[in-house]
Amino acid sequence: MKEEEIKGILELLASPKKIAIIPHRSPDGDAMGSTLGLYHFLKKLNHEPIVIAPNEFPDFLAWLPSSEKVLIFEKDKENIAKILNESELIFTLDFNALHRTGEMENVLNKLKAPFIMIDHHQKPDDYALYRYSDTNFGSTCEMIYNFITFLGYKELLDKTIATCLYTGIVTDSGSFRFPSTTSMTHRVVAELLDIGVQNGDIHNSLFDNNSYHRLQLLGRALQNMKVLPEYKTSYIKLTQQELDEFHYVKGDTEGIVNYGLTISGIIFTAIFIENKDEGIIKISFRSQGNFDVNQFARDYFNGGGHINAAGGKSTLSLEETVKQFESILSKQNFNV
Ligand code: 5GP
Ligand code: MN
């Protein structure tokens, strides 16, 4: 961030304010960790922050400090629109365009208060007064650590803030294995541990909380996997009927897409999940190396994300979506 941007933000934060902090729709560990980490930081500066998520966050994040105070826009649109209208400053974290908040976009578009964007996705939109956007970071949480440091408030970092930030760093880095994990990431994490983060407990809360049904659903998903060696590609599909059969709850399909890349020789994988409520097929893409799934998701499936992890959607049926996917594969260059 530039010197004058930091100065401008410090001026905005100089007097106590009502501040709304917003993650993207279907918030993940990084979205929840960054918004709650910033929430606890702003509270320490005597502001009145509130985290407003467009829709429900998964249960495996419900232990994050103050997650019970997060407002869910979809549950109470009118009152929350009022709170947003009364906010004097808006932070949008872990997304690059207001449409990533779904229906909430219509409210956000009309707000007069200044926006601050902190994000690590490609091609950020231009709605924010201050934009800290950098695709070199593996997580927004790592950027929040920097943000707090740039503002000169590093000494305010405490175990609560550090716990939130550690969570997003772990989840968005695939437990420190994705290429975006740098020596800086590990240095930041080392500091968070020094502050008192219980890393073992966090991993436990995040990853060792499966229900029996979730594991059965994972078993079905793996059996549904199709491998296309000629395209170095694999994919999984799950119907709404299968989700119902295994008593699906939000978060149950998180991470399943990654199994497709664990097959030797596979560099591109996808998962197609039918959502009858929303009338869409939600898609996640993952790749290894230079195959750019952000571009792929933008070009064909109304989505985006990062080079090696992206998402999108389709309004065709599940079968038609998968057929379209297979036909697009023949046009791709997999010798990257
Ligand atoms: P996931 O597959 O885990 O939902 O998302 C992977 C990455 O792609 C995340 O950074 C996420 O924010 C982004 N992403 C997921 N779905 C969409 C989408 O529909 N549109 C855009 N632009 N990005 C998405
Ligand atoms: Mn993220």
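Which residues does the UniProt annotation "domain: DDH" cover? I looked this up before anything else, keeping in mind that the model is predicted.

**Entry: annotated domains**

The UniProt annotation "domain: DDH", from an unreviewed entry, covers residues 18-169. Over that stretch I read 34% helix and 18% strand. The end C-alpha atoms of residues 18-169 are 27 Å apart.

I then took the feature "domain: DHHA1", which UniProt places at residues 251-330, again in an unreviewed entry. Here the chain is 25% helix and 30% strand, and the C-alpha atoms at the ends are 32 Å apart.

**Entry: helices H5 and H6**

I checked how helix H5 (residues 140-150) packs with helix H6 (residues 159-172). The angle is about 140° and the axes are 7 Å apart. H5 is therefore oblique to H6, because an angle counts as roughly antiparallel over 145 degrees.

I listed the residues that meet. From H5 they are Thr140, Cys141, Glu142, Ile144 and Tyr145; from H6 they are Leu165, Gly168 and Ile169. By class, this contact of H5 with H6 divides into five nonpolar, two polar and one charged.

**Entry: Val188**

I went on to Val188, which sits in helix H7 (residues 183-195). Leaving aside residues up to four places away in sequence, Val188 touches Glu142 and Tyr145. Both of these are among the H5 residues that meet H6.

Is Val188 buried or exposed? I count it as buried, because it has 22 C-beta neighbours inside 10 Å and the cut-off is 20 or more.

I also took a distance from Val188 to Lys323: 44 Å, C-alpha to C-alpha, for a sequence separation of 135 residues.

**Entry: Gly219**

Gly219 lies in helix H9 (residues 212-223). I classed Gly219 as exposed, because 11 other C-beta atoms lie within 10 Å and the limit for exposed is 12 or fewer.

**Entry: ligand 1**

Which residues are around ligand 1? I noted His24, Ser284, Gly303, Gly304, Gly305, His306, Ala309, Ala310, Gly311, Gly312 and Lys313. Two elements give two or more residues to this shell, strand S11 (304-305) and strand S12 (309-314). S12 gives the most, with five residues.

Sorted by class, the shell around ligand 1 has two nonpolar residues, eight polar and one charged.

How values were computed. Residues are numbered from 1 along each chain as its sequence is written. Chains are lettered from A and ligands numbered from 1 in the order in which they are written. This is a predicted model: local features need pLDDT of at least 70, side-chain atom pairs count only at pLDDT 80 or more; totals for chains, interfaces and linings use all residues. A residue is near a molecule or strand if its C-beta atom, placed from the backbone, lies within 6 Å of it. Helices (H or I, at least four residues) and strands (E, at least two) are DSSP runs, numbered from the N terminus. Ala, Val, Leu, Ile, Met, Phe, Trp, Tyr, Cys and Pro count as nonpolar, Asp, Glu, Lys and Arg as charged, and the others, Gly among them, as polar. UniProt positions are given in the numbering used here, feature names are shortened, and annotations may be inferred rather than shown by experiment. Axes are lines fitted to C-alpha atoms, for helices over the stretch in contact, and angles run from 0 to 180 degrees between N-to-C directions. Angles under 35 degrees count as roughly parallel, over 145 as roughly antiparallel, 65 to 115 as roughly perpendicular and the rest as oblique. Two residues are in contact if their C-beta atoms, placed from the backbone, lie within 7 Å.
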